[in-house]
Amino acid sequence: MERILKVYIYQDGRRPIFHTPPLSGIYASEGWFMKLLKESRRFAVADPAKAHLFYLPYSSQQLRISLYVPDSHNLRPLAAYLRDFVKGLAAKYPFWNRTRGADHFLVACHDWGSYTTTAHGDLRRNTVKALCNADSSEGIFTPGRDVSLPETTIRTPRRPLRYVGGLPVSRRGILAFFAGNVHGRVRPVLLKHWGDGRDDDMRVYGPLPARVSRRMSYIQHMKNSRFCLCPMGYEVNSPRIVEALYYECVPVIIADNFVLPLSDVLDWSAFAVVVAEKDVPDLKKILQGITLRKYVAMHGCVKRLQRHFLWHARPLRYDLFHMILHSIWLSRVNQIELHE
């Protein structure tokens with residue numbers, strides 16, 4: 001891929017929905033990917049005749065901010081906007097029509113990113129969609145064609161790797177930790193069984209109480225825990241998965257139908273625990289059933305694989321930028337081979 005792949009970035013599109021992505025917050029993955037691809041001399045080309053792939057440089061977060069009417073629960077205007085943009089490309093250039101969008105891709109990290117593709121048939125069916133909301137049950141994300149995008153929280157864009165790192169196993173005195181808003185179908189159940197400080201091994205909260213955070217911050221909790229609980233919210237994805245990897249805490253993923261990030265190239269069973277939603281009442285028993293030897297091996301894998309989930313101001317080989325681009329390219333190659 002390093003020597004071969006070339007990507008054409010469409011210059012069309014109105015700002016800020018296009019070309020102006022977020023570089024901080026929980027949707028920063030779409031922004032950092034766009035930023036680094038635009039700056040890349042290795043992959044980005046100005047001549048579309050040299051391109052293997054075509055990038056639709058929109059931001060699902062900016063689309064939401066610009067067009068969504070609060071409390072309307074109506075996502076159709078967002079999908080219609082992206083549909084009309086693609087129709088404009090197809091009318092203006094020959095590239096889309098050659099493959100009906102199969103050599104095009106988009107990268108969207110907002111929960112609604114998948115829904116913004118639904119108003120255009122070829123965009124939904126053919127285009128490679130790198131999505132944080134990689135839910136296999138909704139009929140939008142297609143495993144094997146689409147790419148599950150890691151959701152990364154960037155607090156300081158100028159220092160994206162700030163706070164990365166953790167404590168050794170011997171200093172991780174908390175069995176499991178979670179703190180966050182209580183929404184969706186899983187988190188209320190998690191709080192019902194393990195919240196309110198009823199078990200000192202299972203530090204499970206809603207928003208982290210001030211009395212607790214004064215003694216130990218959210219990040220310090222993750223660095224001091226063996227397992228970091230990553231229950232789905234409204235959608236299957238959670239930024240806590242990558243946060244756990246940043247702080248060298250083994251993630252515990254609780255989200256049925258979630259296609260794990262970059263699972264086309266990574267074996268998550270080596271460094272994460274996946275728990276079915278129905279098994280939340282048995283969560284402590286499941287975690288205590290993992291032997292120390294196995295946990296140490298998983299923790300070691302977390303530390304080694306952490307580099308694949310890092311954003312760098314100047315991309316490094318095998319970092320997150322390269323992993324996402326590799327997965328998109330691999331998806332396209334596989335689709336070509338299937339139709340030969």
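Reader: Why is His322 called buried?

Author: In this predicted model, His322 has a relative accessibility of 9%. Buried means under 20%, so His322 counts as buried. His322 belongs to helix H12, residues 320-338. Its C-alpha atom is separated by 8.3 Å from that of His308, a residue 14 positions apart from His322 along the chain.

Reader: How many cavities of 30 Å³ or more are there?

Author: The count is 2.

Reader: What makes up the lining of the largest cavity, by class?

Author: There are 6 nonpolar, 2 polar and 4 charged residues. The lining includes Thr153 and Thr156, and also Arg159, Arg162 and Glu243. Arg and Glu count as charged.

Reader: Which residues line the second largest cavity?

Author: They are Phe177, Phe178, Ala179, Tyr218, Met222, Cys228, Leu229 and Arg240. Strand S7 (174-178), helix H8 (218-223) and strand S9 (225-231) each give two or more residues to this lining.

Reader: How does the lining of the second largest cavity divide by class?

Author: The division is 7 nonpolar, no polar and 1 charged. Arg counts as charged, and Arg240 is one of the lining residues.

Note on methods
Residues numbered from 1 in each chain as written. Predicted model: local features only at pLDDT ≥ 70, side-chain atom pairs only at ≥ 80, totals over all residues. Heavy atoms only, no water. Helix = DSSP H or I, 4+ residues; strand = E, 2+ residues; numbered from the N terminus. Buried < 20%, exposed > 50% of the residue type's maximum accessible area, 1.4 Å probe, protein only. 1 Å grid on protein atoms, 1.4 Å probe; cavity = no way out; pocket = protein on both sides within 12 Å on 5 of 7 lines; lining within 4 Å. Points joined across faces, edges and corners; volume = space filled by probe spheres on them.
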